[in-house]
Amino acid sequence: MKKLIGKMMVKDKDRRYGGTGGISGSGADANDRSKAPLLQIDEEGNVFAAPEMEENAPSGTELNEDAGDTRRENQPQSRTNAPQETAEKEAPGRERREPAQGAGKPDESRRESGHGAAADGLRTGNRDDASGGAARSGKGPEARKGFRAEPRSPQEFREESESQGCESGSKEPDRSAGLTEEDAFGIKKLLRDGNKGPIQASFSRKRSAADQGGGEQPANAEGYGAAADVGHSEGTEQQKQASGGRGAKQGQKGKGPSNGDESKPVDDPIPLTMQEIKDMLEERSGLGTSFDLVLREMVFGSIRVGFYYVNGLAKDQVLTMVLDRLSYADHTVMEHNPAESLKEYLIPHIQVSPYQTMKEVIGQVMAGATGVFIEGEKTALVVDAKNFPVRSTEEPDLERVVRGSRDGFVETLMTNVALVRRRVRDPKLRAEIMQVGKRTSTDICIGYIDDIANPKLVEAIRDKVKSVELDGIPLAEKQLEEAIVAKGWNPYPLVRYTERPDVAAAHLLEGHVILMSDTSPSVMIMPSTFFHHLQHAEEYRQLPIIGSYLRWVRFLGILASLFLLPLWYLMVLEPGLKPTGLEFIGPQNPGKIPVLIQFLLAELGIDLMRMASVHTPTPLSVAMGLVAAILIGDIAVKTGLFTNEIIFYISIATIGMFATPSYELSLANRIVRLILLFSVALFKVPGLVVATTGWLVFLSLQRSHTAPYMWPFLPFNAMGLLNILFRLPVLKHKTRLSITRAKDGTRQPAPE
C-alpha cells in the first residue's frame, strides 16, 4: 500500500511540474490529451480506467477480456521504464525538466482542494502514470503521438480509493474514487444505479484553485475549443472528432451541418455549398432569368451568406439595417453554429424563422420575405421583411355611412387582420392562415373567436378550404367561394361580403366565422341567411327608431324591385284585377312596341348604363348621365318607343335594386324579376302565383353551411324575427342569435 501511495505522489508531482504544455493544454499534447478516457465498472461495482486503443484495436469490454491479463503482467515494467525511454528518445538540444524536490512526499494541497489523483485524471483527460510529465511537457515522441493511459486492476483502483478516503477523513470508501459531482458529471449516479460496462467520461471545463495557481491559462487550456465543446453536447460523430483533442478551428473544419435532425432525412434539403444553392435557385425559381430575383452574397466572420429576395417586395430599409449589423460579426461568433447565431443574436428583426427544405424557403421568398442561406448549414432563415404595394384604408364605396368609421379593408392581408384585431382585442380571437392554389399559393385567413364560434362550424370551413384543389385563385375570394360553397346555378349568395372592419367584428361577436383572402378587400362572413344581406351598417349608426324606419324603407324598396313590374304588367293584361280607385293604372297609349318587349329593352338599357358607369372615368361620368337621361329617356318616349308609365315603374324598381345593401342579392333579385315577368306574360295570375311559390320554396331549401337560408321564417324563431324586423336597442341583445349555435350564448356576461 505504501509503495502504491509513493508512486501516486511521484505521478502527481510529474503532472504538476512536467512542463507548461501539460498545464496550459497547448501544442500537440493538448490535442491528444483532450480525448476522454473510457471507464469500466466490474461485477463488484469498482471503477477502473480502460486501456487506450490504437486505431484498429478492439474497444470496451472486448479489450479487457482479450488483452487484460497480458497488460497487467507487463504493467509494473512499463511504469518503471517509461521515463527512461522518454529521455532517450527526446530530440537533441531540448532540455528535459525534472520534477521538483520532494516528489516522493504527498501533495497535501491537492488533497485539501477536494480532488484526489483520480479526480485530477478525469479533469485533465489523462491517466496519472510515471510518463505523464513528458507527455504534458510537449517533449519527446510520446507527447507527439499522444499519451496512452495504462489499465489498472480493480484491486489497485480500490486500494487507491481507500487510501484517499482515509486521508480525507472519510469513514466509508467512495466507489467513485473521490470524484466530485462537478468533475464526475454523473458517474456517482451511475454507480448508485448499478450500471456495468464501459462509460465515456465527460469532464468539467472548470479548474480548481490549485490548478489555476500556475498563472493565466489560454482559452483552450484543456484542449476544448468553443466548437469542440458544443460539438460534444450535440453528440454526432463528426462533432466527437471536433471535441477529441482538436482546437476550435480544426473542429469547425471537420464538423458537418449543425442544424437539423440527421437521423431523419429531410425531403428537398437545402444544399451545403453556395454554388449548389445558386444552381438550384436558377433551376427552380428563375434566378438569373427573372430580373427581379436577387441573390446577394456576402461574407460575415469567414462564413459565406446569401440573401435571396424579390426586388419590389422586400423592405429595403430593414435589410440594410440587418446587413449593417452583420458586418460587425466576427469569426468567433460565426465560427460555430452560424444559423443559430444569426437567428438568436445577430439579425435584429422581430420575425425570423428557420426552414429545413428548399421548397419552403422559395415559397416564403415568393410571398415577399427574404431567405438567408448559410454555406455549410442545412437550415436557412427567413426574415419577414415584406413591403407590398398597398393603398390607404379608405371607406368602401358600397357601404358608405353618414356617421361612423371611414376605414375599410384593403388588398393586404396583414392590414385587414390588424383592422379586425384593433376592434376585437379579445385574446380568444383566432386568425388561422393557410395557402390555396398550387401556383398562386394565395394566403387565406380564417378568423373566429375561440370561445364563441361553434367548433364544428370552424372545422367544417377549415376542411373545405384545405380540400380546394386548384392551380390558383387569382380572383381571390370569389373563386374561393365557388370552390367551398356548392352553389351550382343558384343566383343567390350563400355568403355575405363586407369591406367594413366594424361589420366583420360585429359578426365575429355573434359567433360567425370570417374568411379573408390576400389581394382582396372583401371579407366573407359565414354562415349568412337571406336577411343578413338586407342589413346595413347605417341602421346601427342611428337611434333604434330611426334605424327601424330606415330598415322598413329598405325592405319596401327591395319588394318593389321584385314585384312592382310583374304586378303592374298583370293589371295591364287583366284590367278586372284593378282595385277600386286605381282604374287609371295602365298605359293609355300602349305604344308601337309590346309592353313586355319594352320591359326587356329597359332592363337591358339600365344594365348597360350601370356597366358603362363602372368602366367610365370619373370626369366622363357626368356626361354619360346626361346622355342616358336626355338622349335615351326623353327621345325614346317622344318617338313612341316607350310609354311614360313603363319608364316610371322601371325607375322605381331600379332604385329599389340599388337600395339593396348586398350587390350580389340585387343581381339575383333582377333575375327573379325577369322570371316573374315571363310567368305573368305566359300564364297571367297562375303564372305569378306558381313562380312566387317556387321562388320561396327554392330559397327555403337552400342552406349556408348548416344554417337554413330563410331563417328565422323557416324554421320559425320569434326572437330572430324580432331582430330582423326591428333594430332593437343594444341593451336588449342579451343573448346571441341561435343561427350560429355559439358556445357562449350570453352577450352581457355577469359582472366579476
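**Two antiparallel sheets, strand by strand**

Start by selecting residues 442–449 and 513–517: these are strand 10 and strand 12, which run antiparallel and are joined by 4 bridges. The coordinates come from a predicted model. Within this pair, pick isoleucine 444, whose bridge partner in strand 12 is serine 517.

Now widen the selection to the whole sheet around this pair. The sheet is open, and its 5 strands follow the order 9-10-12-13-11 with antiparallel pairing. Colour 429–436 and 496–498 next: strand 9 and strand 11 are the edge strands, and each pairs on one side only. Looking across this sheet, neighbouring strands are turned by 25° against each other on average, with direction ignored.

Move on to the other sheet, which is open as well and has 5 strands in the order 4-5-7-8-6, paired antiparallel. Select 293–300 and 352–355 to see its edges: strand 4 and strand 6 each have a single partner strand, so one side of each is left without a neighbour in the sheet. From one strand to the next, the twist averages 25°.

Show valine 352 and, in strand 8, valine 383: the two residues stand opposite each other.

The last stop is helix 18, residues 338–346, which packs on this sheet.

Methods: Residues numbered from 1 in each chain as written. Predicted model: local features only at pLDDT ≥ 70, side-chain atom pairs only at ≥ 80, totals over all residues. Heavy atoms only, no water. Pairing = 2+ DSSP bridges. Axes fitted to C-alpha atoms, helices over the stretch in contact; angles between N-to-C directions. Contact = heavy atoms within 4.5 Å.
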